[in-house]
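Subject: The structure we talked about, with notes

Hi there,

Here is the structure I promised to pass on. Please open it next to this email and follow along as you read.

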Amino acid sequence: MRVVVNTSTCVGGGQCASSAETVFTQDDQGLVVLLKADVQGEEAEAARLAAFLCPSRSITVEE
Amino acid sequence: MTLTHEPSASASADELPAFPMARECPFSPPRAYRQMREERPVAPVRLWNGNKAWLVTRFDDVRKILADKRISNNITHPGFPVLYAARAAVMQQHGKPPYFHFMDPPEHTEHRRMFTQDFSVIRVKELEEEIQSIVDELIDEMLAGADRSADYVKAIALPIPTRVIARILGFPYADVAELQGMMNATSGFGQDPEVAKRSYTRLNDYVSELIARKEANPSTDTISRLISDQLHPGNIDRPGLIRVILFLLIVGHETTTSMIALGTLMLLEHDEQREKLIKDPSLMQNAVEELLRYLSIVHLTTCRVAIEDIEIGGETIKAGEGVVALVSSANRDASQFENPDVLDIERDARTHVAFGFGVHQCLGQTLARLELRITLNSILRRIPTLKLAQPIDDLKFKAYINGVQSMTVAW
């Protein structure tokens with residue numbers, strides 16, 4: 001599964017970094033940073049949840 | 001823009017049910033929401049000033065509407081559903097949104113990004129030890145009291161988040177009690193609009209002086225950083241900075257206070273759930289999500305106005321009409337949460353919308369979660385005999401942000 005993030009719409013809520021900490025982190029402004037674009041298994045599951053939780057819809061996953 | 005939140009005679013709205021609706025149980029949303037979810041998930045209601053607004057009650061629709069770009073959070077829009085008179089009065093005094101929360105992108109995004117860094121997962125994690133010592137100290141003080149009894153709100157629920165946010169922002173803690181009185185007078189049902197306006201002016205004056213003191217003696221706190229990074233380069237003007245600081249102080253403690261008090265009360269009232277947590281503290285993170293879902297204390301603030309026509313739930317919300325996305329109803333929607341009216345700390349409640357949804361979702365949610373986890377863990381570990389020491393029916397609740405005014409506990 002491939003993960004794509006859009007920093008221009010990110011509002012820095014941090015739910016991605018909390019729910020999938022090996023896939024996402026935040027930069028020094030608090031905005032999303034993608035650590036891994038290709039994820040499998042548990043990480044894919046966590047990234048799917050992060051995409052669902054993202055309030056600004058700045059995360060998309062391509063199966 | 002002209003502000004028209006004054007009572008208006010709207011003939012078509014006269015026959016509609018009044019909103020907000022009364023709760024039958026202080027810990028659950030009005031029963032009418034359930035019927036609306038099943039029968040008319042997007043339903044019109046009448047506000048205090050006679051204006052009409054739409055309630056959105058289903059989980060999917062609440063998320064959709066709060067993330068919709070055709071929806072505005074501009075409180076100065078004439079169609080914006082303002083829920084009580086004191087808020088309308090403060091709004092009119094200003095003629096512009098008092099807090100950036102009530103702006104839309106791109107203006108909202110610019111403001112919010114000034115301090116997303118202060119509430120990031122990494123920064124909040126750095127505060128863990130400090131929050132733990134604040135919690136330990138306040139529990140020590142409570143336990144040192146004379147008669148093995150205390151007002152839990154005054155001893156624990158209010159001072160913990162207040163000390164934490166005062167520390168992050170750089171407010172002198174000694175001033176916070178007085179500020180709280182002023183803040184309470186500016187919002188909530190039944191507040192005198194004139195008192196609300198005067199209190200708002202006094203709060204502005206206080207923060208203005210605080211900014212001047214920080215300019216003279218900068219520190220490492222958020223206010224000092226906002227002065228050097230945002231005020232001095234001209235990214236924000238002085239009145240704007242005052243509003244931002246006041247907003248952070250208010251949202252940084254009131255809601256967390258409510259969640260600590262009501263969250264503790266729920267664990268005291270549900271013996272089986274509490275025993276599970278005492279036996280296995282690793283369930284706490286899950287329990288916090290479930291308490292957030294179940295209580296949904298911020299149940300009336302997700303008001304919006306449509307700026308284009310929107311088709312949703314079989315209805316058309318017309319441009320200029322008000323919308324209230326009921327997160328407390330979404331969090332009790334059986335299509336998302338099985339047996340939604342049961343408190344179950346072992347369920348996966350992570351998809352709840354207790355912090356809202358869309359670009360205005362709570363910025364301090366990571367901090368709130370950490371404060372809740374540390375506080376509830378520490379209380380259960382250190383005072384396993386804690387119990388409510390007054391009849392539950394005698395508790396006095398707060399209506400706008402759901403909460404309890406005081407709560408006598410004993411151990």
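Predicted model: local features only at pLDDT ≥ 70, side-chain atom pairs only at ≥ 80, totals over all residues.

**Where the two chains meet**

Chain B and chain A bury about 1,800 Å² between them, and 50% of that area is on carbon and sulfur atoms. Chain B puts 20 residues into the contact, and chain A puts in 24 residues.

On the side of chain B that touches chain A, the elements giving two or more residues are α2, α5 (121–126) and α17 (365–382) of chain B. The largest share, three residues, comes from α17(B). By type, the residues on this side of chain B split into seven nonpolar, eight polar and five charged.

**The five-stranded sheet of chain B**

Chain B has an open sheet of five strands in the order β1-β2-β8-β5-β3, with mixed pairing. The edges are taken by β1 (42–46) and β3 (71–72) of chain B; each has a single partner strand, so one side of each is left without a neighbour in the sheet. β1(B) pairs with β2 (residues 52–56) of chain B in the antiparallel sense, over five bridges. If you want a spot to look at there, Arg46(B) stands opposite Lys52(B) in β2(B).

Helix α2 (residues 59–66) of chain B lies across β1, β2, β3, β5 (303–306) and β8 (322–325) of chain B, and it runs at about 125° to β8(B).

**The three-stranded sheet of chain B**

A second open sheet in chain B has three strands in the order β4-β12-β9, with antiparallel pairing. Here β4 (149–151) and β9 of chain B are at the edges with a single partner strand each, so one side of each has no neighbour in the sheet. β9(B) and β12 (residues 408–410) of chain B pair over two bridges, and the bridge partner of Lys387(B) in β12(B) is Ala410(B).

Gln390(B) sits in the loop between β9 (387–388) and β10 (397–398) of chain B. A polar atom of the Gln390(B) side chain lies 2.9 Å from the backbone nitrogen of Thr408(B). Leaving aside neighbours within four places in sequence, Gln390(B) is in contact with Leu395(B), Ser406(B), Met407(B) and Thr408(B).

**A few backbone details**

Most residues other than glycine have a negative phi, and most peptide bonds are trans.

- The peptide bond from Phe19(B) to Pro20(B) is cis, with omega near 0°; Pro20(B) lies in the segment before α1 (32–39) of chain B.
- Pro105(B) and Pro106(B) are joined by a cis peptide bond with omega about 5°; Pro106(B) is in the loop between α3 (85–94) and α4 (107–112) of chain B.
- Arg57(A) is not a glycine, yet it has a positive phi of about 50°; Arg57(A) is in the loop between α2 (41–53) and β4 (59–62) of chain A.

Best wishes, and happy browsing!

Terms used
Residues numbered from 1 in each chain as written. Chains lettered and ligands numbered in written order. Heavy atoms only, no water. Pairing = 2+ DSSP bridges. Helix = DSSP H or I, 4+ residues; strand = E, 2+ residues; numbered from the N terminus. Contact = heavy atoms within 4.5 Å. Axes fitted to C-alpha atoms, helices over the stretch in contact; angles between N-to-C directions. Buried area = accessible area lost by both parts, 1.4 Å probe. Nonpolar A, V, L, I, M, F, W, Y, C, P; charged D, E, K, R; others polar. Polar contact = N/O pair within 3.5 Å; in protein donor to acceptor, adjacent residues only side chain to side chain.
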